[in-house]
Amino acid sequence: MSQAQPRLRAAFSLGVTALLVMGLVASQWLLGDSPQQMQFDARLAPPSVDHWLGTDALGRELWARTLAGLALSFWVGCLAALLSTLIALSLAAIATLSARLDALVSLLIDTLLSVPHLILLMLIAFALGGGTQAVIIAVAVTHWPSLARVLRAELWQLRQAPYVRISRALGKSRWFVLHGHLLPHLIPHCLVGALLLFPHAILHEAALTFLGFGLSPSQPAIGVLLADAMRYLSGGYWWLGVFPGLGLLLMVLGFERLSSHLRRAL
Amino acid sequence: MLKARQLSFHFAPKVPLLQDISLTLCAGQWLGLSGDSGAGKSTLGQLLAGYLAPQAGDVTLDGEALPKSGVQPVQWLPQSPELAVNPRWRVGKILREAWTPSDTQCQAFGVQAKWLSRFPQSLSGGELQRVCVLRALAPGVRFLVADEISTMLDPITQVELWQALKREAEQRQLGVLVISHDTALLERLCPQRLHLSEGQLKPW
């Protein structure tokens, strides 16, 4: 039971998150241009039967904009986490080639970890001119160090494993050892690492967009919705900030739970 | 001929493990190596197989340095077979990593066909050790360093394993360095025996 339970929980989390993701992906087609449709006779309408989560200052349905924002955040988070994992894996592999390269990679990891994330994110996103691409690159470039540190340690340990040394002694090339022995062992680490990066990536994307360094204000991103909501909060229009924020929180929590269950199961 | 000349090795500076060790292992020769725990027997075995580099001295094969690529002519067989195999690979893939033994060779080492589709975790230590020994006998291998390979096996499995290895070694004129604490085993298997103590080799 002790071994089956983490796997069961991981499977449950995976199922719930997969449903959430499928819903988000499907919503992109089902919504069409509803997130942008304005109804000037229903501006800043509170949640009701006609307007499920209320409307914004231009009469746009908040449920449609929240769904579209979450879908956008999901893609940005996915791409950033994937890119970040690839950077971490590549640098960890490079670090195992020699002691000098290892010292260099370690220095790079320590340097990046010592700089506050958000400041570096803003600088990179600003330097790249903002927009979706800039946000993805900025998040990817700043989020790899923790995972790279784990993968580097794991690779160093694996390289000393008798079966890896025997494989080399049996005439297998470095490339064979890498893809035959080392990388398959790292896949679970990469998977969990990418899933742990994902919520961070989404939150930082939203934060960047909220601060005006991220996605374009014309896109229905969660950061844009929250930034817009700030202007109306003092007027009592609570739904503008609460629902997009709640959606973001649920998605981040879902992926965080999934990654922690997977980490235990794998 | 595998030759070690004045090998010295230490893991920590100022704490020498092996000092000026020289030994020769000829084709077809069975040489026994005993010594207390921590004396450096396994380290010497790994130096001979090229797994470790000595701080002084060298290991040569027919007067030349050990090759840096390809199947190494000196193969090391560790004590724990479960650490010597990739836990994510099936036994068939493990066995075929270097070469494909014939059914007769598998039978000679007691490696059963039904094991090949299993993962190593489902095999016993003795069964897995047979697989490891057979894997190490790839074409081109001329010397074996058998590092306590039968310590964790029951007496019957020990006899079967050593008999199979003895037959194969005689056929191929393999030189074998048998490392063990078991002096009775070394006396039965090896006409020449050495004892490692305080970093030095002594005959016994």
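Which residues of helix 1 of chain B are buried? Keep that question in mind; the views below come back to it.

This is a predicted model, in which local features need pLDDT of at least 70 and side-chain atom pairs count only at pLDDT 80 or more, while totals for chains, interfaces and linings use all residues. Residues are numbered from 1 along each chain as its sequence is written, and chains are lettered from A and ligands numbered from 1 in the order in which they are written.

**View 1. Helix 1 of chain B, residues 41–48, is largely enclosed by the rest of the structure.** The answer to the opening question is K41(B), S42(B), T43(B), L44(B), G45(B), L47(B) and L48(B). A residue is buried if 20 or more other C-beta atoms lie within 10 Å of its own, exposed if 12 or fewer, and partly exposed in between, with C-beta atoms placed from the backbone. Helices (H or I, at least four residues) and strands (E, at least two) are DSSP runs, numbered from the N terminus. After helix 1 of chain B comes G50(B), with a positive phi near 85°. The helix lies across strand 1, strand 2 and strand 4 of chain B, and runs at about 125° to strand 1. Axes here are lines fitted to C-alpha atoms, for helices over the stretch in contact, and angles run from 0 to 180 degrees between N-to-C directions.

**View 2. Four strands of chain B form an open antiparallel sheet.** The strand order is 2-1-4-5. Strand 2 (18–25) and strand 5 (64–65) are the edge strands, each pairing on one side only. Two strands pair if DSSP finds at least two bridges between them. Strand 1 (residues 2–9) and strand 4 (residues 56–61) of chain B run antiparallel and are joined by five bridges. To find one of these, look for L2(B), whose bridge partner in strand 4 is L61(B).

**View 3. Six strands of chain B form an open sheet with mixed pairing.** Follow the order 6-7-8-3-9-10. Strand 6 (74–77) and strand 10 (200–203) of chain B stand at the edges with a single partner strand each, so one side of each has no neighbour in the sheet. On average, neighbouring strands of this sheet are turned by 20° against each other, direction ignored. Strand 6 and strand 7 (residues 143–147) of chain B pair in the parallel sense over four bridges. Here Q75(B) has L144(B) as its bridge partner in strand 7 of chain B.

**View 4. D182(B) lies in a loop of chain B.** The loop runs between strand 8 (175–179) and helix 6 (183–189) of chain B. Is D182(B) buried or partly exposed? D182(B) is partly exposed, because 16 other C-beta atoms lie within 10 Å. D182(B) and S150(B) are 32 residues apart in sequence, and their C-alpha atoms are 9.7 Å apart in space.

**View 5. Helix 3 and helix 6 of chain A cross at roughly 150°.** Two packed helices are described by the angle between their axes and the distance between the axes. The axes of helix 3 (residues 99–114) and helix 6 (residues 145–159) of chain A come within 9 Å. The two helices are therefore roughly antiparallel (angles under 35 degrees count as roughly parallel, over 145 as roughly antiparallel, 65 to 115 as roughly perpendicular and the rest as oblique). The crossing is left-handed, a name used if the near helix is turned anticlockwise from the far one by less than a right angle, and right-handed if clockwise. V105(A), I109(A), L112(A) and L113(A) of helix 3 make the contact with P145(A), A148(A), R149(A) and R152(A) of helix 6 of chain A. Residues are in contact if their C-beta atoms, placed from the backbone, lie within 7 Å.

**View 6. Chain B touches chain A.** Here 16 residues of chain B are in contact with 13 residues of chain A. The chain B side divides into 10 nonpolar, four polar and two charged residues. Ala, Val, Leu, Ile, Met, Phe, Trp, Tyr, Cys and Pro count as nonpolar, Asp, Glu, Lys and Arg as charged, and the others, Gly among them, as polar.

Methods
Two residues are in contact if their C-beta atoms, placed from the backbone, lie within 7 Å.
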